[in-house]
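The sequence and the structure come next.

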Amino acid sequence: MFITFEGVDGAGKSLQARRVSEALETQGCEVVLTREPGGTKGAEELRELVLNGNTDRWSPMSELLIFTAARRDHCERVIWPALKRGAIVICDRFVDSTRLYQGLASPEMRGIVDIIHKAAIKTEADLTLIFDLDPAKAFERMNERDETDMRFEGHGLEFQYTRRKGFHDLQKTNPDRYILVNADQPINNVTQEALLAINKQLDT
C-alpha cells in the first residue's frame, strides 16, 4: 500500500509520518518511511539544488524536471521495490505537491505536470492524507519551532492559501483516495485520525 502525506508547509506532515509509521509497525506491518523531494542519495542531491537559494532561482518548468528526475530515482530504488515485496510505503509529499507548487505557476503547467508524471512515473498513491491547517496557524507553529524556511517566506501566505484550496479541490475529485485530516487539534488526536483512515483502507 502506497500512502502519501500532503498539506501546506508547517501542517505537521513529517511528524505525523513518523508517528503513524511507528504505530503501524507495532501492528506488525513492514513500513518504509520516506520523503520527497529526496529519499535516495541522488534525489537528496537534487533536493538541495531546488530548495536552497532564492525562490526564483529556477523556473517552474526547470523545477518540475528536476523533481521528476528525483522522483524517478526514488521510485526505482525505494518505492517500487518496497511495494513489490508487500511493504507499506509512507511518503512525506509526492506528485500532488508538484501539482500544487509548479502546477499552479500557469494554467498550462498543471496539465504538463500530469503529462510528464504519466510518462516518467505512472504511479499514484493508494491513499493520500491531506493534513489540513490554516496557513497562518502553520506559520505560527514554524516560528515557534524556529523552522520557518526561505521558500515559505518567499512564496508568502497568499500562495499557501492557494495551495490549501488546491488540496481541497483535489480531495473533491476523488474523496475515496484523498482524505482530509484535521491538523488543528492535539498531536495524538491527529495521529489517531490518520491511523483510522489508513486502517480502514487496509481492511478493505
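## Terms and basis

Buried means under 20% relative accessible area, exposed means over 50%, and partly exposed lies in between, using a 1.4 Å probe and protein chains only. The model is predicted: local features need pLDDT of at least 70, side-chain atom pairs count only at pLDDT 80 or more, and totals for chains, interfaces and linings use all residues. Residues are numbered from 1 along each chain as its sequence is written, and side-chain values use heavy atoms, with hydrogens and water left out.

## Thr-123

Thr-123 is buried, with a relative accessible area of 14%. Its place is the loop between α5 (107-120) and β4 (127-132); helices (H or I, at least four residues) and strands (E, at least two) are DSSP runs numbered from the N terminus. Setting aside neighbours within four places in sequence, Thr-123 is in contact with Phe-2, Trp-80, Phe-94 and His-117, where contact means heavy atoms within 4.5 Å.

## Nonpolar cores

A nonpolar core is a set of buried Ala, Val, Leu, Ile, Met, Phe, Trp, Tyr and Cys residues joined through side-chain atoms within 4.5 Å. The largest one has 23 residues, and those with the most contacts inside it are Phe-5, Val-20, Leu-24, Ile-90, Leu-129 and Phe-131. Two or more residues each come from β1 (2-7), α1 (13-26), β3 (88-92), β4 and α8 (187-202). The most are given by α8, with five residues. A second, separate core of 17 residues includes Ala-87, Val-89, Cys-91 and Met-109.

Leu-129 touches Thr-4, Phe-5, Glu-6, Ile-179, Val-181, Ala-194, Ala-197 and Ile-198, when residues up to four places away in sequence are not counted.

## Packing of α1 and α8

What angle do α1 and α8 make where they pack? The angle is about 55°, with the axes 10 Å apart; axes are lines fitted to C-alpha atoms, for helices over the stretch in contact, and angles run from 0 to 180 degrees between N-to-C directions. Angles under 35 degrees count as roughly parallel, over 145 as roughly antiparallel, 65 to 115 as roughly perpendicular and the rest as oblique. The two helices α1 and α8 are therefore oblique to each other.

The crossing of α1 past α8 is right-handed. A crossing has this hand if the near helix is turned clockwise from the far one by less than a right angle, and is left-handed if anticlockwise. On the α1 side, the residues that meet α8 include Leu-15, Val-20 and Leu-24; among their counterparts in α8 are Ile-187, Ala-194 and Ile-198.

## Helix α2 and its partner

In helix α2 (residues 41-51), the buried residues are Ala-43, Arg-47 and Val-50. Seen down the axis of α2, these fall within an arc of 70°, so they line one face of the helix; the arc is that of the directions from the helix axis to the C-beta atoms. Just after α2, Gly-53 takes a positive phi of about 105°.

Helix α3 (residues 60-84) packs against α2 at an angle of about 165°, with the axes 8 Å apart. The pair α2 and α3 is therefore roughly antiparallel, and α2 passes α3 in a left-handed crossing. Gly-42, Ala-43, Leu-46 and Val-50 of α2 make the contact with Glu-63, Ile-66, Phe-67, Ala-69, Ala-70 and Asp-73 of α3.

## Leu-33

Leu-33, in strand β2 (residues 31-35), is partly exposed at 39% relative accessibility. Leu-33 touches Ala-17, Arg-18, Ser-21 and Ile-90, not counting residues up to four places away in sequence.
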